[in-house]
Amino acid sequence: MIVQDLIEVRTAGRGTSDITNAVQEIVARSGIGTGTCQVFVQHTSASLMLCENADPEVRRDLERFMSRLVPDGDSLFRHDSEGPDDMPAHVRSVLTHTSLGVPVTNGRCALGTWQGLYLWEHRSGGSRRRILVTVQGE
Amino acid sequence: MIVQDLIEVRTAGRGTSDITNAVQEIVARSGIGTGTCQVFVQHTSASLMLCENADPEVRRDLERFMSRLVPDGDSLFRHDSEGPDDMPAHVRSVLTHTSLGVPVTNGRCALGTWQGLYLWEHRSGGSRRRILVTVQGE
Amino acid sequence: MIVQDLIEVRTAGRGTSDITNAVQEIVARSGIGTGTCQVFVQHTSASLMLCENADPEVRRDLERFMSRLVPDGDSLFRHDSEGPDDMPAHVRSVLTHTSLGVPVTNGRCALGTWQGLYLWEHRSGGSRRRILVTVQGE
């Protein structure tokens, strides 16, 4: 059995959006009990991650780490047509994940207790982001 | 056909554990000849990687690289409730992989000659780690 | 339904090869309309990425970023049996992707407008690279 559905998120700027519940709802509606769930973001300047879900400071620390590792306006970068955050957004996406696979057990994504699914917006201005979810199983 | 099974690993501290054989055994027992195998770690301070399997120095070099890139006790980090290795463990997990997909061919994970599957523990004290393996195919 | 096929790429040295069309052709030939496509590189010194496909300068900037982040001949590394680019190639592979999952919709990989699929060669001498593509769905 295969079910495919779309999540759309309007981001306001850099930072993370919790998409755990939106993904779990698609899995629940699919009627699939055991299998896999693929989460895929159709962009190259936003990405996905599985991250600790209890303390929001963890995600702010991740943002601080990435801002230091891939500085905006770095003179290393030549592609800057959309501004100083343009190329860093692409680098941050490649260093994290465009696609995540999650197991499905008993009709739900089998996440660990402290795991949440997040969309990570890397453009300072934000954007509208499309996430395709494909559930396969029986 | 879908088969799902669990691998539990007790880690003693930072470093890698070879889970290639444990995953290959699940694939062999599944009876699936062609398809995919999804390996998923249910934690946010341990991760997965496919890595060169001949010289263990490669994995020690990776550990040295990560220790330099994401230093323990870095003053950048505010989330440190579980110690100086707490936030670095989350960053290292996001920079590597919570989930890996591997093709299944002739009843085995179709790894390259030099590819091994490893669990990477990022907490200095170690922990008990759960890895869910889902094999799909025919 | 499951279809598995192989792409072989001869690389001339560090840099990226566009494999989008080769993957799309396998998906089209599979006859699968809805499902998932798994792209897997059977090596530990070359990797995969989904990247902006309009301006080739983006991929050259990514190469420059990686060359700075993981310098060839870094004295941190002890594994150097195949030269100064040996260990950096393994690190670059772990920081990017050995395996990518892409949704299949209407008989094609459902990539975003600006997303391309690339093989990233990390060895300065290049090599022959094997990429296994597995399409699952209905």
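Visitor: Which residues does B:Val39 touch?
Guide: Leaving out residues up to four places away in sequence, B:Val39 touches B:Val23, B:Leu48, B:Leu100, B:Val102, B:Leu117, B:Ile131 and B:Val133. Touching, or contact, puts the two C-beta atoms, placed from the backbone, within 7 Å. This is a predicted model: local features need pLDDT of at least 70, side-chain atom pairs count only at pLDDT 80 or more, and totals for chains, interfaces and linings use all residues. Residues are numbered from 1 along each chain as its sequence is written, while chains are lettered from A and ligands numbered from 1 in the order in which they are written.

Visitor: Which residues touch the most other members of the largest nonpolar core?
Guide: A:Val39, B:Val39 and C:Val39, out of 114 residues. Such a core joins buried Ala, Val, Leu, Ile, Met, Phe, Trp, Tyr and Cys through C-beta atoms within 7 Å.

Visitor: New topic. Where is B:Thr96?
Guide: In the chain B loop between helix 3 (86-95) and strand 5 (99-105). Helices (H or I, at least four residues) and strands (E, at least two) are DSSP runs, numbered from the N terminus.

Visitor: Is B:Thr96 buried or exposed?
Guide: Buried, because B:Thr96 has 20 C-beta neighbours inside 10 Å. The rule: 20 or more other C-beta atoms within 10 Å is buried, 12 or fewer is exposed, and in between is partly exposed, with C-beta atoms placed from the backbone.

Visitor: What does B:Thr96 touch?
Guide: B:Ser47, B:Met49, B:Trp120 and, in another chain, C:Val94, not counting residues up to four places away in sequence.

Visitor: How is chain C related to chain A?
Guide: A rotation of 120 degrees, with 0.0 Å of shift along its axis, superposes chain C on chain A (RMSD 0.0 Å). The two copies are thus related as by a three-fold rotation axis. In chain C, C:Leu95 has the C-alpha nearest the axis, 3.5 Å from it.

Visitor: How many residues of chains C and A are in contact?
Guide: 30 from chain C and 22 from chain A. Helix 2 (57-69) of chain C gives the most to the chain C side, with seven residues. That side has 13 nonpolar, ten polar and seven charged residues. Ala, Val, Leu, Ile, Met, Phe, Trp, Tyr, Cys and Pro count as nonpolar, Asp, Glu, Lys and Arg as charged, and the others, Gly among them, as polar.

Visitor: Why do the copies meet through different surfaces?
Guide: Because only 10% of the interface residues of chain C are also interface residues in chain A.

Key: Copies are superposed by least squares on the C-alpha atoms of residues with pLDDT of at least 70 in both.
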